[in-house]
Amino acid sequence: MFKPAAIFRDHMILCRNKTIRVFGECDTADMITGQLGPHTARAEVQSGRFQLLFPPMDACEDLTLSLSDGQTSHTFTDVAVGEVYLAGGQSNMELALMNADEGPDCIAIHDDPLLRFYNVPRSPFWDENAIQAEENTRWDLCKPGELKDASAVAYFFARKLRQKLNVPVGIIGCNWGGTSASCWTEQSVLESNAAGRVYLDLYQQTAADKTDEAYDLEVIEYEKTSAAWNKQVDELHAAHPDMSWSDVIRQLGDCPWPPPMGRKSAYRPAGLVETMLKRVVPYTLTGFLFYQGEEDSARPEWYDMLLGNMVLNWRKLFMDEELPFLNVQLPVFKNFGEEDYTNWGTIRDQQWRVYRRLRNTGLAITIDLGELGNIHPTDKRSVGERLYEVALSTVYGQEGKTSIYATGKYPQGNTLVVTLSGQVSVTQDAGAPFEIAGADGVYQPAQAEVSGDRILLTAQGVEAPVMARYAFINYTLINLFGENGLPLAPFVLE
């Protein structure tokens with residue numbers, strides 16, 4: 001068998017200005033040869049695998065890639081070289097273009113054959129169905145009627161990048177709704193740190209001794225229960241459109257989530273990194289796009305460590321420790337009638353910490369793009385275009401539109417002055433969610449006086465404030481924006 005990895009197909013986009021890796025399986029020969037445009041490469045087969053290395057190339061199109069083991073040949077046409085990003089995460093990255101605002105209109109008329117998508121099949125475990133799904137994959141071109149299932153966030157990001165750079169842009173979709181960052185991290189990495197072990201221990205407690213047969217039966221029962229519960233929710237909302245989420249829960253009981261855990265579950269730690277991500281490792285990339293964190297809000301205090309280790313793991317797998325990682329910070333969200341917790345606020349702060357700690361990372365601030373009662377906002381153009389602005393500065397060394405952020409603090413009597421990276425203004429009288437605390441760390445709601453690039457905070461009962469935070473709750477109205485129309489970034493100053 002001589003078989004290039006499934007991502008190598010007609011119409012593929014390869015990464016420019018970096019060594020191009022072409023890889024796959026072979027048990028029929030000792031040497032593989034390849035031809036990409038004017039370049040020839042040879043590689044030995046080792047342990048049934050091969051990896052050809054082609055020299056860095058400028059952006060171009062209409063190339064042919066030919067591979068041979070001396071007996072069998074594979075030839076791929078309409079190959080382009082340009083920018084290549086992997087779009088990972090959970091449901092808000094997964095949300096398809098056809099389900100996004102403006103998506104159907106884009107699908108009907110867009111026509112840009114040098115914008116292309118490859119979607120890694122969503123395979124929770126490896127069997128004949130997964131093999132067949134991978135065999136059926138292809139690179140889809142941006143043409144009228146196509147890209148319905150493409151990630152909407154990645155599409156709007158890539159469309160702006162195409163307009164700016166005028167080079168081919170390829171997106172590799174590798175995402176799954178409802179997944180933790182632990183699903184996308186290798187087991188050895190999870191075992192090496194406290195955050196990862198929390199997820200592995202939970203898995204051991206719920207699924208260590210479970211057979212596949214027992215798991216399959218649990219899934220059947222879960223799907224019945226979930227379908228019945230969702231039907232009741234729909235009926236309640238049809239009869240009572242204004243019913244709060246807490247009232248729904250009181251009447252129907254908790255939402256049946258998560259699904260059963262087992263060796264075949266998509267939600268098991270260290271699962272999808274094996275069955276999905278590694279199907280395209282180590283394809284040469286420009287960088288990563290990532291939108292995730294909702295599922296880990298149940299254990300938000302571990303997210304800094306969990307996400308940071310995942311980023312490093314991905315860079316190692318793709319053989320490039322400098323790969324840019326462009327992340328989406330979670331927006332506001334809570335269900336109707338639900339108590340306002342702070343777990344999403346913690347996740348946002350943890351995402352900020354990863355951004356500030358790891359080199360070559362960017363963070364798109366989307367605090368204003370959330371919706372009350374809808375965990376899947378359909379305005380994905382704004383998210384994608386903010387990722388594009390982050391890419392301009394993080395990846396391309398150009399000036400992109402960025403959110404104003406807190407740069408420091410200092411006390412002034414009973415007032416805590418927060419300094420900002422630029423000027424902000426109040427767009428509506430919504431009561432910005434500021435809090436301050438003294439040395440005891442007990443936060444109190446604060447009154448804010450906005451003065452250009454300074455915010456003066458005071459709170460009853462806090463005579464000597466030393467800490468401040470902004471938007472550290474799940475849902476709030478956002479009314480502070482910079483002159484470029486982007487929101488003030490959430491912050492925790494301690």
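## Helices α4 and α12

Helices α4 and α12 are oblique to each other, since angles under 35 degrees count as roughly parallel, over 145 as roughly antiparallel, 65 to 115 as roughly perpendicular and the rest as oblique. The model is predicted: local features need pLDDT of at least 70 and side-chain atom pairs pLDDT 80 or more, while totals for chains, interfaces and linings use all residues. Residues are numbered from 1 along each chain as its sequence is written, and side-chain values use heavy atoms, without hydrogens and water.

Helix α4 covers residues 152-165 and helix α12 covers residues 380-394. Their axes cross at roughly 50° and come within 7 Å; the axes are lines fitted to C-alpha atoms over the stretch in contact, with angles from 0 to 180 degrees between N-to-C directions. Helices (H or I, at least four residues) and strands (E, at least two) are DSSP runs, numbered from the N terminus.

On the α4 side, the residues that meet α12 are A152, V153, F156, F157, R159, K160, L161 and K164. On the α12 side they are K380, R381, V383, G384, E385, L387, Y388, A391 and L392. Contact means heavy atoms within 4.5 Å. By class, the residues of this contact are 10 nonpolar, 1 polar and 6 charged. Ala, Val, Leu, Ile, Met, Phe, Trp, Tyr, Cys and Pro count as nonpolar, Asp, Glu, Lys and Arg as charged, and the others, Gly among them, as polar.

## Helices α7 and α8

In α7 the contact uses W229, Q232, V233, L236 and H237. In α8 it uses W245, V248, I249, Q251 and L252. This contact has 7 nonpolar residues, 3 polar residues and no charged residues.

Residue S246 lies in helix α8, which spans residues 245-252. S246 has a relative accessible area of 19%, so it is buried (buried means under 20%, exposed over 50%, partly exposed in between, with a 1.4 Å probe and protein chains only). Apart from neighbours within four places in sequence, S246 is in contact with F336 and G337. S246 and E338 are 92 residues apart along the chain, and their C-alpha atoms are separated by 5.5 Å.

## The sheet with β15 and β20

Four strands form an open antiparallel sheet, in the order β15-β16-β21-β20. Strands β15 (406-412) and β20 (447-451) are at the edges with a single partner strand each, so one side of each has no neighbour in the sheet. From one strand to the next, the twist averages 20°.

Strand β21, residues 454-458, pairs with β20 in the antiparallel sense over 5 bridges. Strands count as paired if DSSP finds at least two bridges between them. The bridge partner of S451 in β21 is R454.

## The sheet with β18 and β22

The order β19-β18-β22-β24 describes another open sheet of 4 strands, with antiparallel pairing. Here β19 and β24 (491-493) are the edge strands, each with a single partner strand, so one side of each is left without a neighbour in the sheet.

Strand β18, residues 434-437, is covered on both faces. F434 and I436 are buried on one side, and E435 and A437 are buried on the other. With β22 (residues 467-470), β18 pairs in the antiparallel sense over 4 bridges; M467 in β22 is the bridge partner of A437. With β19 (residues 444-445), β18 pairs in the antiparallel sense over 2 bridges; P445 in β19 is the bridge partner of E435. The hairpin of β18 and β19 has 6 residues between the strands, and G441 in this hairpin takes a positive phi near 75°.

## Residue V466

V466 sits in the loop between β21 and β22. Its relative accessibility is 34%, so V466 counts as partly exposed. Not counting residues up to four places away in sequence, V466 touches K409, L416, A437, G438, A439 and L493. One of these, A437, belongs to the buried residues of β18.

V466 and H237 lie 46 Å apart in space, C-alpha to C-alpha, and 229 residues apart in sequence. H237 is one of the α7 residues that meet α8.
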